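Here is a short report on one protein model. Look over the sequence and the structure first, then read on.

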Amino acid sequence: MSSVPRLVIAAPSSGSGKTTVATGLMAAFAARGLAVSPHKVGPDYIDPGYHALATGRVGRNLDAYLCGPELVAPLFLHGARGCDLAVVEGVMGLYDGAAGEGELASTAHVAKLLRAPVVLVVDASSQSRSVAALVHGFASWDPEVRVGGVILNKVASDRHEALLREALDSSGVPVLGALRRAPQMSTPSRHLGLVPVAERRGAAVEAVASMAAQVSDGCDLAALEALARAAGPVPGGSAPWTPGLPTHNHPSRLGEKRADKERKPVVAVAGGAAFTFSYAEHVELLTAAGAEVVTFDPLRDESLPEGTAGLVIGGGFPEVYAAELSANEPLRKAVAALAESGAPVAAECAGLLYLCRELDGQPMCGVLDATARMTERLTLGYRDAVAVSDSVLAVAGTRMRGHEFHRTVVEPGAGADPAWGVRAPERRVEGFVQQGVHASYLHTHWAAEPGVARRFVERCRTS
């Protein structure tokens with residue numbers, strides 16, 4: 001298991017074609033009969049959906065900021081169980097990490113933690129010989145990062161490809177593929193990312209098939225597989241992450257109780273096109289804590305799953321579906337009634353908006369005395385946070401790291417009992433804790449604190 005073949009697909013900058021190459025490569029390897037494990041560096045929720053289409057497996061994130069560097073290898077090995085090969089798509093430029101934190105959470109950092117060879121995807125449009133200087137710089141910047149090959153993207157012609165290959169002959173970094181410009185493969189974007197698979201399933205399947213065809217035609221798959229198989233063991237003798245056990249050696253700070261294994265409270269998890277942002281590990285942690293997890297679609301289902309004892313509403317783009325969510329009045333009333341009963345409700349970002357009185361003028365669940373609206377301003381970045389109030393997720397004083405990603409604003413931004421105190425980019429409190437509700441803009445990864453899920457399920461049993 002610790003020697004799973006693996007590649008990291010990186011680029012000098014965003015927009016170079018990482019997602020096209022990584023997704024196409026996953027699908028191309030899968031078409032050859034390999035069981036491919038898909039991964040994404042950072043907090044991105046959208047690319048893993050395309051990865052899942054390409055491989056038939058759940059797309060997983062590797063985030064050294066949210067989870068800590070020590071969890072990157074165990075989470076990777078957990079996702080790669082039973083697989084022949086793993087492909088890790090990077091984030092931003094190869095060496096771009098958390099702001100002001102050096103290499104932390106960069107693609108290079110994750111590649112080093114996994115000791116995985118890097119394939120650099122270079123946008124070769126509007127350059128020829130200069131590509132060698134670019135590749136040389138990235139390959140030599142950090143000697144601990146092994147750039148094992150280059151894939152040239154947006155190549156204009158056979159002549160252009162020949163010039164690029166000639167320039168790279170003396171770089172010491174082999175060219176493992178050259179992809180022509182292919183506007184038909186473009187996929188619609190929103191908020192710095194692709195439109196989620198759940199919103200365009202048929203078109204997304206076609207896009208992944210197109211990516212796979214181009215990568216198969218333009219890349220040396222045998223050489224790429226050989227590079228992956230030369231990776232060697234994952235460093236540190238890491239064991240796969242296990243959702244049923246605490247991963248850290250320190251005592252839990254969340255005050256959880258021993259799970260009652262005889263009772264399985266139903267935890268309803270929002271899904272469907274409006275709520276597509278979630279980490280696979282959250283459901284695994286809830287299940288390991290003793291819950292029966294049932295997914296429902298707030299766009300279609302008029303009631304919560306039978307016996308719902310707790311509710312988790314993750315992120316997504318509810319503003320796109322505000323009218324449809326509002327029109328489902330029976331479900332809105334059911335959510336409000338559940339919250340009023342004191343049952344545990346955990347809502348992140350899109351979930352926060354759904355619990356407000358209204359979103360862009362459309363009535364929502366009315367659980368929170370707040371309104372939400374779209375703005376032109378993008379709020380984006382990692383956050384250090386501390387729990388301000390005791391809640392169904394954590395006791396006051398618990399420190400966690402999170403990520404914000406939204407173009408909406410909620411007024412007021414915090415309730416009488418805020419969820420979090422946030423240190424960056426400015427000191428502030430945000431979110432709402434009331435009865436069993438914990439609602440906030442902050443996306444967190446529960447694998448960093450497994451006690452979050454155990455505490456939530458325990459409250460489901462006792463509320």
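## An exposed tryptophan and its partner

This is a predicted model. Trp141 has a relative accessibility of 66%, so it counts as exposed. The cut-off for that label is over 50%.

Trp141 pairs with Tyr95. Their ring centres are 6.4 Å apart. Their planes meet at 55 degrees, so the pair is tilted. Tyr95 sits in the loop between E4 and H4, while Trp141 sits in the loop between H5 and strand E6 (147-155). The pair therefore ties together parts that are 46 residues apart in sequence.

The whole structure holds seven aromatic pairs. One of them joins Tyr95 and Phe138. This pair is stacked, with 6.0 Å from centre to centre and 20 degrees between the planes. Phe138 belongs to helix H5 (residues 130-140), and the two residues are 43 residues apart. Is Phe138 buried or exposed? Phe138 is buried, at 17% relative accessible area.

Elsewhere, ring pairs link Tyr45, Phe277, Tyr279 and Phe317 into a cluster.

## A charge over a ring

Tyr65 has a charged neighbour. The charged end of Arg401 sits over the Tyr65 ring, 4.0 Å from the ring centre.

## Two helices in contact

Helix H1 (residues 18-31) packs against helix H8 (residues 221-229). Their axes are 12 Å apart, at an angle of about 95 degrees. H1 and H8 are therefore roughly perpendicular.

Which residues meet? Leu25, Ala28 and Phe29 come from H1, and Leu221, Leu224 and Glu225 come from H8. By class, this contact has five nonpolar residues, one charged residue and no polar ones.

Conventions:
Residues numbered from 1 in each chain as written. Predicted model: local features only at pLDDT ≥ 70, side-chain atom pairs only at ≥ 80, totals over all residues. Heavy atoms only, no water. Axes fitted to C-alpha atoms, helices over the stretch in contact; angles between N-to-C directions. Helix = DSSP H or I, 4+ residues; strand = E, 2+ residues; numbered from the N terminus. Parallel < 35°, antiparallel > 145°, perpendicular 65-115°, else oblique. Contact = heavy atoms within 4.5 Å. Nonpolar A, V, L, I, M, F, W, Y, C, P; charged D, E, K, R; others polar. Phe/Tyr/Trp six-rings, centres within 6.5 Å; stacked < 30°, edge-to-face > 60°. Buried < 20%, exposed > 50% of the residue type's maximum accessible area, 1.4 Å probe, protein only. Lys NZ or Arg CZ within 6 Å of the ring centre and 35° of its normal.
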